[in-house]
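Dear colleague,

I am handing over the structure that you will be looking after from now on. Please open it beside this message, and read the notes below with the sequence at hand.

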Amino acid sequence: MSPRLMRTATLLAVVALALGACSKKNVRKPAALKDIDHPEIQLQDVWSSSAGSGGGGYYGELRLALAPDALFTADGKGRIYAFDPKTGSRIWRADTREELVAGPGVAGDAVFAGSRKGDVVAVKRADGGKLWQAHLSSEVLAAPEGDGSRVFARGGDGKVYALSADTGAPLWSVDRSVPNLTLRGLSPPSVDGNELYVGLDNGRAMALRSSDGQVLWEQTVSAPVGRNELERLTDIDAPLLQEGGDVFVASFGGDLVCLDKDTGQVLWRRSVRSYTGLTLAGSTLVVTDDNGTVWGLDSSTGSALWHNEDLKYRQLSAPAVFEGKVVVGDYKGYLHWLDAKDGHLIARNRVDHDPIRRAPVAGDGLLYVLSTDGDITAVKIRK
């Protein structure tokens, strides 16, 4: 069973069955770390800072958001932070008094976060002063995203919302059904000009016109197959990845697809089960699957170029690319560095003792890492 917590609308008995299935006999032991005798790069921690209580012991989608003016994050006690990306010194802290579980997102002059009780909170990017707060119909378990004039948010009940970036007033909403049992988490909306791309819990992806919510296309990424609710999970929880005319989508249903951005047509399909995320290293699409295997795929065809099983069952984060290297975090606070050409391990460093669930964020000469307890570490490769 996936290490992520799950939520359900009605079938609590299914959760009990799932927990029972994860008996000690069936628990997959995380791979032991093998020594890297001759690391190919040398790593150095540049600074570290604390962003409060992290998720507060509650599984959420809090993350880092890097912008030219600051590195933003949030904690489970309702505080949003801005840090100096070069030094780690805190620029400001805003107390929203909400139980934040997703975000932040940054657009225009504002920073946005979502709460467990269904609120989207907006604060001033310059100093953290409150701008507005909008209440939605359910928990906002995906980072809100904006395009400067609108803010896009997702509720756990399947609704996609557009709000005014100035006031938080509702502009439009689109509703989609949610299966009885899903993984805990939502894929954040992805904005590209006047189009909005969304991955859904029912295994489908869709494109909306961002100005009015009109559905431009909708495509099945992964169809439910199996004898019970667990086997039929098809969630798309990982962020969608756009590149050129393509949209890459990973699902927990076992399908990773490349879609045509304009029509939603499936250009290729690969059997990979993932809820974390993917990134591009040049023309190589890198993804971590649910078992902890790191894959390098040809982005134009989906064919496997390499895969690395040295980190199986270590609950890997989504990958990041930093100075040409692939980086993933794990449940023990380690960063693992892989060669982007063939996937072999080239270095390892430990930045925390708590899990790293979100993908590291690459900046100008520094890689930023957030652990679940709210610690931020900036790492560089020694020249």
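**Enclosed cavities**

The count of cavities of 30 Å³ or more comes to 2. Please keep in mind throughout that this is a predicted model.

The largest cavity has a volume of about 50 Å³, and its lining is made up of R154, G155, G156, G158, R176, S177, V178, L186, L200, D201 and N202. Sorted by class, the residues that line the largest cavity are 3 nonpolar, 5 polar and 3 charged. The second largest cavity holds about 30 Å³ of space, and the residues around it are Y275, T276, T288, D289, D290, G292, Q315 and L316. The lining of this second largest cavity divides into 2 nonpolar, 4 polar and 2 charged residues.

**The largest pocket**

By class, 33 of the lining residues of the largest pocket are nonpolar, 7 are polar and 7 are charged. Several strands contribute at least two residues each to the lining of the largest pocket, among them β4 (65-66), β12, β17 (190-192) and β25 (278-281). Strands β29 (320-322), β33 (361-362) and β34 (367-370) likewise each supply at least two residues of that lining.

**A sheet of four strands**

Strand β12 also belongs to an open sheet of 4 strands, whose order is β12-β13-β14-β15 and whose pairing is antiparallel. The edges of this sheet are formed by β12 (145-146) and β15 (170-175), each of which pairs on one side only. Further in, strand β13 (residues 150-154) and strand β14 (residues 159-164) are paired in the antiparallel sense over 5 bridges. For R150, the bridge partner in β14 is S164. As for R154, which is given above in the lining of the largest cavity, its number falls within the range of strand β13 (residues 150-154).

**Aromatic rings**

The structure holds 9 aromatic pairs. In one of them, the ring centres of Y81 and F83 are 5.9 Å apart and the planes stand at 15°, so this pair counts as stacked, the cut-off being planes under 30 degrees apart. Both partners are buried, Y81 with a relative accessible area of 2% and F83 with a relative accessible area of 2%.

A second example is the pair of F112 and W132, which is tilted, with 6.1 Å from centre to centre and 40° between the planes. This pair links distant parts of the chain, since F112 lies in strand β9 (residues 110-115) and W132 in strand β11 (residues 130-135), 20 residues apart. Both F112 and W132 are buried.

Elsewhere, a charged side chain meets a ring: R273 lies over the face of F252, at 5.1 Å from the ring centre.

The C-alpha atom of W217 is separated by 46 Å from that of K34, and the two residues are 183 apart along the chain.

With best regards

Methods:
Residues are numbered from 1 along each chain as its sequence is written. This is a predicted model: local features need pLDDT of at least 70, side-chain atom pairs count only at pLDDT 80 or more; totals for chains, interfaces and linings use all residues. Side-chain values use heavy atoms; hydrogens and water are left out. Rings of Phe, Tyr and Trp (its six-membered ring) pair if their centres lie within 6.5 Å; planes under 30 degrees apart count as stacked, over 60 as edge-to-face and the rest as tilted. Buried means under 20% relative accessible area, exposed over 50%, partly exposed in between (1.4 Å probe, protein chains only). A charge sits over a ring if NZ of Lys or CZ of Arg is within 6 Å of the ring centre and within 35 degrees of the ring normal. Two strands pair if DSSP finds at least two bridges between them. Ala, Val, Leu, Ile, Met, Phe, Trp, Tyr, Cys and Pro count as nonpolar, Asp, Glu, Lys and Arg as charged, and the others, Gly among them, as polar. On a 1 Å grid over the protein atoms alone, a cavity is a set of points where a 1.4 Å probe fits but cannot get out, and a pocket is an open set with protein on both sides within 12 Å along at least five of seven lines; lining residues have an atom within 4 Å of a point. Grid points are joined across faces, edges and corners, and a volume is the space filled by probe spheres set on the points.
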